[in-house]
Amino acid sequence: MKKHLLYFSILTSSFLLSSCGFYSFTGASIPAGTETYQVNRFENTALLVEPGLERDFKLALEDLIQNQTNLNLVPSNGDLVYEGEITDYRISPTTATSQNTAAQNRLTISVKLRFYNKKNEDDDLDQSFSFYYDYPGSSQLVGSQKTAAHEEIFERITQDIFNATLAKW
């Protein structure tokens, strides 16, 4: 009797886990049969162009998907395709001092994403994502401060893209 109960439990668990596609521990819901993804170049169309930004963003998105799923990165014919443009790279003052100088500045980066799911076209997405990084007005956005700003913004935007395309949040 115990043996039958064990087999029934295993069979039921297997059915429940496999019937709705693959689920990862990160909350990703990847349809069955989806094995690959590709990230095409994100052209930098912002008025203020930061050299290398499109490459760094592409690598950040590839790394996030690689680290949070078991999908394989391919250069072409991926089951999931990410592409788009960096549409805004803007530095603006957020607060002022009594001497009419910036007490704090904000770097904002916006990305327009086109996502294609070749296994389920209903999941296709065309959406913009944006995030910012605040820094003291007395500082210049150069060197390690610029690197930290880009990393923080990319971390947030790529996670938002992941949630919108694979976690469906």
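Entry 1, terms. I take helices (H or I, at least four residues) and strands (E, at least two) as DSSP runs, numbered from the N terminus. I am working with a predicted model, where local features need pLDDT of at least 70, side-chain atom pairs count only at pLDDT 80 or more, and totals for chains, interfaces and linings use all residues. Residues are numbered from 1 along each chain as its sequence is written, and side-chain values use heavy atoms, with hydrogens and water left out.

Entry 2, the sheet. I found an open sheet of five strands in the order β4-β3-β5-β6-β7, with mixed pairing (two strands pair if DSSP finds at least two bridges between them). β4 (72-73) and β7 (125-136) are the edge strands with a single partner each, so one side of each has no neighbour in the sheet.

I looked up how β5 (residues 80-96) meets β6 (residues 102-117): they run antiparallel, joined by 15 bridges. Along this pair, P93 sits opposite N105 in β6.

I see α2 (residues 53-68) lying across β3 (36-44), β4, β5 and β6, at about 160° to β3. Angles run from 0 to 180 degrees between N-to-C directions, with axes fitted to C-alpha atoms, for helices over the stretch in contact. Helix α3 (residues 143-167) also packs on the sheet; α3 touches β5, β6 and β7 and makes about 150° with β7.

Buried or exposed, I wondered about E85? This residue of β5 is buried, at 19% relative accessible area (buried means under 20%, exposed over 50%, partly exposed in between, with a 1.4 Å probe and protein chains only). I noted that E85 has contacts (heavy atoms within 4.5 Å) with residues including F42, T45, V111 and R114, leaving aside those up to four places away in sequence.
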